[in-house]
Amino acid sequence: MNTLVPIAADAGGLNPARYGRLLAKVAPKAIETERENTAALTIVEELMAKGDDGRTREEDVLLGLLIDLIGNYEHRAHEPFPEGSPVDVLRMLMESHKLRRADLEPIFGTRARISEVLSGARGISKVQAKKLGERFGVSAAAFLS
């Protein structure tokens, strides 16, 4: 796959090497947890504090990227869930993220416990709800009854 070309190649005044170094330092990615969101917000605040005239073109582009990533995360985090039990919400999120039961083993500990939760034989604990919320970028309340 040799089709990778710089997206920002035609962004007027952007220095690709300088922008690459900035990206390597910040390492932006899709935000999945509140911790990542907080880190991104901190960087945005630092860039905003420089003011429009104090930022480089590369920093302006990074600022726009981070704002988009934060917006996407916050949209997902506040996305309304369908009516249903916490298990229904979990199943819906597993399906939409194309996850298998084994993918949730770090949260639940064992595959047997995951099966018990998904079958309704066991509830989702507060600790598990918190971990699920972080994993899916949603409120832990979605997994508590």
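This is a predicted model: local features need pLDDT of at least 70, side-chain atom pairs count only at pLDDT 80 or more; totals for chains, interfaces and linings use all residues.
View 1. Is Gln128 buried or exposed? Gln128 counts as buried because its relative accessibility is 9%, and the cut-off for buried is under 20%. Leaving aside residues up to four places away in sequence, look for Ile107, Phe108, Arg113 and Gly123, which Gln128 touches.

**View 2. The largest pocket.** Now let us move to the largest pocket, with a volume of about 180 Å³. Its lining is made by Leu22, Lys25, Val26, Ile43, Glu46, Leu47, Lys50, Glu59 and Leu62. Three helices, α1 (16-26), α2 (34-49) and α3 (57-77), are the elements that each give two or more residues to this lining. Sorted by class, the lining holds five nonpolar and four charged residues, with no polar ones.

**View 3. The chain around these close-ups.** Stepping back, you can count seven helices and zero strands, so the pattern along the sequence reads α-α-α-α-α-α-α. Of the 145 residues in the chain, 28% are buried. Among contacts with a separation of 6 or more, 59% join residues 24 or more positions apart. The chain exposes about 9,500 Å², and carbon and sulfur atoms supply 55% of that area.

Definitions and conventions:
Residues are numbered from 1 along each chain as its sequence is written. Side-chain values use heavy atoms; hydrogens and water are left out. On a 1 Å grid over the protein atoms alone, a cavity is a set of points where a 1.4 Å probe fits but cannot get out, and a pocket is an open set with protein on both sides within 12 Å along at least five of seven lines; lining residues have an atom within 4 Å of a point. Grid points are joined across faces, edges and corners, and a volume is the space filled by probe spheres set on the points. Helices (H or I, at least four residues) and strands (E, at least two) are DSSP runs, numbered from the N terminus. Ala, Val, Leu, Ile, Met, Phe, Trp, Tyr, Cys and Pro count as nonpolar, Asp, Glu, Lys and Arg as charged, and the others, Gly among them, as polar. Buried means under 20% relative accessible area, exposed over 50%, partly exposed in between (1.4 Å probe, protein chains only). Contact means heavy atoms within 4.5 Å. Accessible areas come from the Shrake-Rupley method with a 1.4 Å probe; for residues, only the protein chains shown count as cover.
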